[in-house]
Amino acid sequence: MTLAFITTMLLGSCKKRASPEEVALAFMHAIQDSNYDQAREYATKESQQVIQIYAIFDGRRSGAEREKIKNAKIEVVNIEENGDKAAVTILNSSAHQKEVLQMVKENGQWKISLTFDSIIPNYTPQSGSAATDTTLLDQEADSTVTNGANVPVN
């Protein structure tokens with residue numbers, strides 16, 4: 001019993017921390033699958049509201065649009081790491097463009113760092129909480145969510 005405990009502890013302590021590339025791919029695959037709870041696990045605390053807003057936009061997509069996103073090929077084409085920051089460039093076959101995911105280390109683990117501007121072009125903060133600002137949601141819901149950096153789009 002003691003030997004089993006020690007083996008478990010040794011294997012657990014040897015567990016490698018996920019690289020920026022691994023986190024970026026896991027995040028993008030969670031977004032592709034519309035699994036926003038899982039996507040939040042790969043994002044900074046400050047990015048939580050951004051993912052929530054993106055989920056609302058995703059819910060307004062047609063089934064065909066969601067299927068196109070789900071079937072897109074995601075490939076890492078570049079990684080730039082500088083201390084506790086990294087930028088992972090992804091080639092998204094559904095968007096036919098490169099997207100840069102900004103990352104930071106949070107509690108020793110790489111996390112995706114999103115801003116509202118990364119999912120809503122020309123975002124200008126308004127007074128109050130953007131996550132509950134229905135004016136913002138109504139204005140942007142019918143426009144195509146572009147990807148200045150972080151999440152897959154058609």
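These legends go with close-up views of a predicted model. Local features need pLDDT of at least 70 and side-chain atom pairs count only at pLDDT 80 or more, while totals for chains, interfaces and linings use all residues. Residues are numbered from 1 along each chain as its sequence is written, and side-chain values use heavy atoms, with hydrogens and water left out.

**View 1. The largest nonpolar core.** This core (buried Ala, Val, Leu, Ile, Met, Phe, Trp, Tyr and Cys residues joined through side-chain atoms within 4.5 Å) has 26 residues, and F27, I90, L101, M103 and I112 touch the most other members. Elements giving it two or more residues include α2 (20-32), β2 (85-92) and β3 (97-106); helices (H or I, at least four residues) and strands (E, at least two) are DSSP runs, numbered from the N terminus. Helix α2 puts in the largest share, six residues.

**View 2. Around I90.** Leaving aside residues up to four places away in sequence, I90 touches A24, M28, I74, E75, V76, V77, Q97, K98, E99 and L101 (contact: heavy atoms within 4.5 Å).

**View 3. A salt-bridge network at D58.** D58, R61 and R66 are linked by salt bridges (a side-chain nitrogen of Lys or Arg within 4 Å of a carboxyl oxygen of Asp or Glu). The R61 to D58 pair sits at 3.2 Å, N to O, and the closest N and O atoms of D58 and R66 are 3.7 Å apart. D58 is buried at 5% relative accessible area, as is R61 at 10%, whereas R66 is partly exposed at 31% (buried is under 20%, exposed over 50%, partly exposed in between; 1.4 Å probe, protein chains only).

**View 4. A pair within α3.** R40 and D37 lie three residues apart in this helix, about one turn, and their salt bridge has its closest N and O atoms 2.9 Å apart. D37 is exposed at 56%; R40 is partly exposed at 27%.
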